[in-house]
Amino acid sequence: MNRAFIYGDLLFETIRVTDGIPQLMNLHFNRLLQSAKLLKFETDLTMEVFVQALQQSVAESKLQDARVRFVLHRDADGFYTPQHHKTHYFVETFKLDTTPVVSLNMGIYTDNYKSCNELSSIKSGNALLYVMAGIFAKERGWDDAILLNEHGCLCEATSSNIFMVKQERVFTPALTEGCVAGVMRAHTLEKLRHADYEVHETVITMEQLMDADAVFLTNAIRGVIHVSAIEGKSFQSFTLKSSI
């Protein structure tokens with residue numbers, strides 16, 4: 001755990017459990033393995049072991065609705081350079097807050113910007129940018145904050161991906177724009193395309209965002225959340241053609 005604590009040398013997945021059943025397991029597991037490969041983690045983790053570890057943690061918690069955090073970390077001696085790449089994992093289970101989130105009042109975090117590189121898309125222990133953005137939002141009375149990338153374009157929110165709607169067309173930042181490759185992002189994109197929406201993964205400027213008809217966030221725990229306002233600008237609610 002020393003490397004995980006000091007260097008953030010870890011990956012994690014946060015999975016929603018509803019009625020005792022973990023949701024979107026294939027998407028979570030595939031992202032975890034892809035990220036592990038990127039970080040040169042050595043793991044023999046299988047889907048069966050992954051599911052069993054989650055189910056055991058949920059059973060021990062006696063919770064039917066929960067949020068489960070699966071953490072995979074490099075378990076090696078050494079300082080910045082590890083002596084090997086073997087890994088261990090642990091699982092934590094928390095009671096799920098089922099309070100409905102109707103809409104969010106947001107603002108733009110401007111103290112720091114997110115880099116656009118291959119590490120930007122993974123969920124690792126390097127989360128200081130999100131911590132500071134969350135503090136920034138709380139100090140201003142916002143529900144959440146929007147992060148910009150190093151080019152000053154739209155990236156994501158503190159714990160969610162972001163989408164905008166303009167004239168029934170849906171836009172979201174491409175993964176090359178520095179956002180996390182969210183599980184609910186991927187699920188939502190699939191559902192939107194299946195419902196025949198015109199969907200674009202692209203560069204989005206702040207001017208384009210503020211000119212949108214509607215804005216919503218997605219994450220694996222809360223699903224799809226409507227954004228009611230950004231920096232005082234109000235947005236209409238977006239009704240999806242099919243449930244996501």
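Visitor: How many aromatic pairs does the structure hold?
Guide: This is a predicted model, in which local features need pLDDT of at least 70, side-chain atom pairs count only at pLDDT 80 or more, and totals for chains, interfaces and linings use all residues. Residues are numbered from 1 along each chain as its sequence is written, and side-chain values use heavy atoms, with hydrogens and water left out. Rings of Phe, Tyr and Trp (its six-membered ring) pair if their centres lie within 6.5 Å, and the planes count as stacked under 30 degrees apart, edge-to-face over 60 and tilted for the rest. On that criterion, the number of aromatic pairs in the structure is nine.

Visitor: What is the geometry of the aromatic pair formed by Phe50 and Phe70?
Guide: The two ring centres are 4.8 Å apart and the planes make an angle of 75 degrees. Phe50 lies in helix H3 and Phe70 in strand E3, so the pair ties together parts that are 20 residues apart in sequence; helices (H or I, at least four residues) and strands (E, at least two) are DSSP runs, numbered from the N terminus. Both residues, Phe50 and Phe70, are buried, a term for under 20% relative accessible area, against exposed for over 50% and partly exposed in between (1.4 Å probe, protein chains only). The geometry of this pair is edge-to-face.

Visitor: Which geometry do Phe216 and Phe238 show as an aromatic pair?
Guide: Phe216 belongs to strand E11 (residues 214–219) and Phe238 to the segment after strand E13 (233–234), so that the pair links parts of the chain 22 residues apart. Phe216 is buried at a relative accessible area of 3%, and Phe238 is buried at 15%. With 5.8 Å centre to centre and 10 degrees between the planes, the pair is stacked.

Visitor: Where do the buried residues of H3 fall when seen down its axis?
Guide: The buried residues are Phe50, Ala53, Leu54, Ser57 and Val58, whereas Glu48, Ala59 and Glu60 are exposed on the face turned away from the buried side. The arc is taken from the directions from the helix axis to the C-beta atoms. Because the buried residues of H3 fall within an arc of 125 degrees, they line one face of the helix.

Visitor: Which elements do the buried residues of H3 pack against?
Guide: Contact here means heavy atoms within 4.5 Å. By that criterion, the buried residues of H3 pack against strand E1 (10–18), helix H2 (25–38), strand E3 (66–74) and strand E4 (87–95).

Visitor: Which residues have the most contacts inside the largest nonpolar core?
Guide: A nonpolar core is a set of buried Ala, Val, Leu, Ile, Met, Phe, Trp, Tyr and Cys residues joined through side-chain atoms within 4.5 Å. The largest one has 20 residues, and among the elements that give two or more residues to this core are strand E5 (103–108), helix H6 (206–210) and strand E12 (223–230). A second, separate core of 19 residues includes Ile15, Ala36, Phe70 and Leu72. Inside the largest core, the residues with the most contacts are Met106, Ile146, Leu209, Val215, Leu217 and Ile230.

Visitor: Is His194 buried or exposed?
Guide: His194 has its place in helix H5 (residues 183–194). With a relative accessible area of 69%, His194 is exposed.
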